[in-house]
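Colleague: I am new to this structure. Could we go through part of it together?
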Amino acid sequence: MTAFGKLVRTTAFRLTLVYLLLFAMFAASLLAYFAWNTRRLITEEITQTVNAETSEINEIYDRGGMVRLVRTIEYRALRPGANLYLVTTPTGQAIAGNVGSLAPGVMATRGWSETAYRRIEDSDDRDHRALVRVTELENGFRLLIGRDLAERRRLFGIVAKAAQFSVLIVVVLGLGGGIFVARRVLRRIDAMTGTAQRIMTGDLSERLPVGRSGDEIDRLAENLNAMLERIEALMAGLKEVSDNIAHDLKTPLTRLRNRAEEALAKSGCEADYRAALERTIEESDGLIRTFNALLMIARAESGQARGNMDDFDAAEVAEGIHELYEPLAEDDGMTLKVKCEPTPVHANRELISQALANLVENAIKYGKPAGTVVSMDARQITIEARRDGDQVLLSVTDRGPGIPEADRKHVIERFVRLEASRTLPGSGLGLSLASAVATLHGGELRLGDAHPGLVATLVLPARAGAGDRVAPPIPDVPQKVA
Amino acid sequence: MTAAERTMRLLIIEDDRESADYLAKAFREVGHIADHAADGEEGLAMAESGEYDVLVVDRMLPKRDGLSLIGALRDKGNTTPVLILSALGQVDDRIKGLRAGGDDYLPKPYSFAELLARVEVLSRRRGGPAEETLYRVGDLELDRLSHRVARGKDELTLQPREFRLLEYLMKHAGQVVTRTMLLENVWDYHFDPQTNVIDVHISRLRSKIDKGFERPLLHTIRGAGYMIRDGIR
């Protein structure tokens, strides 16, 4: 495409053309209105003058007869810049006036007409135009009084010239401005296209140029940059996941393979083989679990699970998870408590349950206080469902060692396990999943200090407008306690 | 694995030859009859003509996919229980499978013990009598209407969830019930807890119904799950 073709094809240029046309039409109609009105005004003035003189001369004729009339006409015709006068006999012979020639038939029609004429004293051969009124005198004589139209024409000429000139200016300025704007826009768009192409070839860190004017192109660039930011983060996440998968799945796979090899190499008895096979199955079950968790995180992060959202009370989930894990906690020497208030959410129930279950499992596994002699209070884990403004907080609080502030962000990442927990079984994916689930719902996973202990909170947006619908407890009826 | 108490006729519709052979062999070893179809069309034809107790259907099949096969069967009024096997293990996929007319859904990879337990429960559900109101195993009685549980002359007090756990176990008395089945049917969770959370519930229940009695009723089936049955058989 040629540079000009490209220019013509820009939106800015096309818009300019449309505006140009509109402005030209506007200027033309303004001038046309002006011209028409001026013409009307001049015509009106002429008509009035001619009318006044006609009645004046008629009066003179009435009083002094033909002789007086002719004399008056002769006299008036000699004045400089005079009107046109002509008196003719019934047969059409001129007897007085300053008109040399007229268009044929003008004297025959009474009333107003526009005509070409020449004065008697005119030396040149040019025709002039005049607006004339013909009246009939009593005896068939006719009187013509008129006025030259040169003034009107000259004025009209000025207006017409102004119209041409202004349209020309509008076109030149408009075209120039259009090309200027279009080229500017084109240059910026070309710069964006170039950057986009570079980004597509692989350099995701590149960003579009953003100007300082804050106009729509800048806003577009800003939004595209934000999108690139997100894509880059997702890509980085993907890369990190694949790296981690490579590492954290290969390690147990290697272990699996080594065990099988070892069992084959050693000529053991059936019991040895059996034990080796059992451990193989155990190991592969662990791998499957890790794999499932990874898939689930990927799914939550990509937003695919958004389909299965229901309206429900998050407190039910908290109570359900409490009920499921309470015996396990007790077997581990801990107490699991639950504290609930109505917390309406619009969410994927299954995922929220799983995320909360992960937090509770973590609390049971890692939330034991250090030392041997600890009070019962220190062995308590609390699940809480609470509403805070337009947020629903689902938290799990333990009294264990907690997580140092510096590690809190880190520990949410996939496969990250702190030194202290490496000896315990687990995939290092529990918090990642909980965080992915919270993010999917437009919330976040917050890790805080419970002084001592860890408080892990799923922050979810509350269901809009649901707060008012929760019925207050009826005081007369004793509330059922689960 | 113990021999099956009742022989089932199964149809395995699975395109992977090795998995199908493994499944058929494993089912035959425990005393069931297993046929095999390698694609969706063949599977549909066999399911329509043969009298099968349970169909084990892979979700992704050549010629006609698993869900469409089930839909076609159901449209023709065939109510043979179907267990769907699928590499897609997520919650929404499971819901899709059940909505299409499947009776149970098992994500791959699975253990044979889990599959066998589920297939047996499905086949029993079909031939079994209408829902009873009173379950009895040995001298253990559970009344579903009055929520009363008694062992011999002793009245037992169970928590609501323990009651539902026992109810499910007794409904499938004599059958292996896996941990996942319990989690799905008693708690309605479809995720995989990392810990032995179900075992703790079972051991609590066991302490209530078996402790102090000579004959245990609630048995742990190694590598599979649990079963409630009268000890002597």
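Modeller: In helix 2 of chain B, residues 40-49, the buried residues are Gly40(B), Gly43(B), Leu44(B) and Ala47(B). They lie on the same side of helix 2 of chain B, because they cover an arc of only 100° around the axis. Please note that this is a predicted model.

Colleague: Why would such residues point the same way?

Modeller: An α-helix has 3.6 residues a turn, so residues three or four places apart point the same way.

Colleague: Which exposed residues does the face turned away from the buried side of helix 2 of chain B carry?

Modeller: That face carries Ala45(B) and Ser49(B), which are exposed.

Colleague: Turning to helix 1 of chain B, which residues are buried?

Modeller: Leu23(B), Ala24(B) and Phe27(B) are buried there. Their arc around the axis is only 95°, which puts them on the same side of helix 1 of chain B. Arg17(B), Glu18(B) and Lys25(B) are exposed on the other side.

Colleague: What do the buried residues of helix 1 of chain B pack against?

Modeller: They pack against strand 1, strand 2 and strand 3 of chain B.

Colleague: What comes just after helix 1 of chain B?

Modeller: Gly31(B) does, with a positive phi of about 95°.

Colleague: How many helices and strands are there in chain B?

Modeller: Chain B has eight helices and twelve strands. Of its 233 residues, 38% count as buried.

How values were computed:
Residues numbered from 1 in each chain as written. Chains lettered and ligands numbered in written order. Predicted model: local features only at pLDDT ≥ 70, side-chain atom pairs only at ≥ 80, totals over all residues. Helix = DSSP H or I, 4+ residues; strand = E, 2+ residues; numbered from the N terminus. Buried ≥ 20, exposed ≤ 12 C-beta atoms within 10 Å, placed from the backbone. Arc of directions from axis to C-beta. Contact = placed C-beta atoms within 7 Å.
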